[in-house]
Each structure stands twice: as structure tokens, then as C-alpha cells.
Amino acid sequence: MGGGLGTEAGRSDRGQAVGAALNRARGTMEFGVCITNKSDETGIAAYAENLGYTHCWVTDTQMIYSEVWSTLALVARQTRTMKVGPGVAVAPTRLAPVTAD
């Protein structure tokens with residue numbers, strides 16, 4: 001993604017305020033986004049947060065893209081309030097202590 005994902009602080013706050021207002025108006029409805037596990041596309045999560053999304057899941061495809069846990073760390077670093085987690089952790093191909101941590 002190009003430089004179009006970067007936003008000014010005021011625009012970011014406005015987007016979050018709108019998202020929070022929408023969530024209150026809808027009751028407990030929240031929206032999430034699932035992104036591919038590519039470290040160069042983590043800016044999509046920040047963009048989604050600016051639009052009012054509250055959750056982000058990252059796909060776990062360890063043989064195709066980046067490590068899911070490092071991608072989640074990048075997403076968490078680029079967002080302020082978004083809840084993040086792996087969309088699917090492929091348990092048989094993961095070390096149990098790493099996944100449990």
C-alpha cells in the first residue's frame with residue numbers, strides 16, 4: 001500500500017470518534033477486519049481503525065507469508081485501541097509454548 005494510508009492525528013481521532021458513536025448507536029455491534037499475514041500490509045489495520053473498526057485478525061499462513069506473531073506485533077504498534085489476534089493458529093505446525101505465550 002502506498003503513502004495514502006497515513007493520516008493526520010485529527011483525522012484519526014475523528015474517525016475513532018465516529019466509529020465509537022456508530023458502535024453506541026448500534027448497541028454492542030462491533031466490526032473487525034481480517035488481513036493477510038504480510039508485514040508490508042499492516043497499515044491496512046491502522047486505516048481500518050481510523051474508519052471505526054475495533055478488531056483485526058491476521059491469517060496464519062506460515063509457509064506463504066510472514067510469521068503471524070511478528071505481524072500481529074506490527075499491527076499492535078500501528079494501532080491504538082484495536083484488538084488484535086490470529087485468525088487461525090494452525091496448532092499442529094506450531095510449537096505449543098510459542099502459541100500459548
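Reader: To start with the charged side chains, how many salt bridges does the count come to?
Author: The count comes to one salt bridge, where a salt bridge is a side-chain nitrogen of Lys or Arg within 4 Å of a carboxyl oxygen of Asp or Glu. Please keep in mind that this is a predicted model, in which local features need pLDDT of at least 70 and side-chain atom pairs count only at pLDDT 80 or more, while totals for chains, interfaces and linings use all residues. Residues are numbered from 1 along each chain as its sequence is written, and side-chain values use heavy atoms, with hydrogens and water left out.

Reader: Which side chains meet in that salt bridge?
Author: The side chains of lysine 38 and glutamate 41 do, at 3.6 Å from N to O. Lysine 38 is partly exposed, with a relative accessible area of 26%, and glutamate 41 is partly exposed as well, at 21%; buried means under 20% relative accessible area, exposed over 50%, and partly exposed in between, with a 1.4 Å probe and protein chains only.

Reader: And threonine 42, is that buried or exposed?
Author: Threonine 42 is buried, with a relative accessible area of 3%, and lies in the loop between β1 (32-35) and α2 (43-50). Helices (H or I, at least four residues) and strands (E, at least two) are DSSP runs, numbered from the N terminus.

Reader: What does the side chain of threonine 42 join in a polar contact?
Author: The side chain of glutamine 78, at 3.0 Å. A polar contact is a pair of N or O atoms within 3.5 Å; within protein, one must be able to donate a hydrogen and the other to accept it, and residues adjacent in sequence count only if both atoms are side-chain atoms. Leaving out residues up to four places away in sequence, threonine 42 touches Ile35, Thr71, Leu74, Val75 and Gln78, where contact means heavy atoms within 4.5 Å.

Reader: Where does threonine 71 lie?
Author: In helix α3, and threonine 71 is buried, with a relative accessible area of 0%. Although threonine 71 and serine 39 are 32 residues apart in sequence, they are 5.5 Å apart in space, C-alpha to C-alpha.

Reader: Which residues of helix α3 are buried?
Author: In α3, which covers residues 68-78, they are Val68, Thr71, Leu72 and Val75. They cover an arc of only 100 degrees around the axis, which puts them on the same side of α3; the arc is that of the directions from the helix axis to the C-beta atoms. An α-helix has 3.6 residues a turn, so residues three or four places apart point the same way.

Reader: What covers the buried residues of α3?
Author: The cover includes β1, α2, β2 (55-58) and β3 (83-86).

Reader: Changing topic, in what order do the strands form the sheet?
Author: Three strands form an open sheet in the order β1-β2-β3, with parallel pairing, and β1 and β3 are the edge strands, each pairing on one side only. Two strands pair if DSSP finds at least two bridges between them, and β2 and β3 pair in the parallel sense over four bridges. α3 packs on this sheet, touching β1, β2 and β3, and its direction makes about 170 degrees with that of β3; axes are lines fitted to C-alpha atoms, for helices over the stretch in contact, and angles run from 0 to 180 degrees between N-to-C directions.

Reader: Finally, what pattern does the protein chain follow along the sequence?
Author: The pattern is α-β-α-β-α-β-α, with four helices and three strands in the protein chain.
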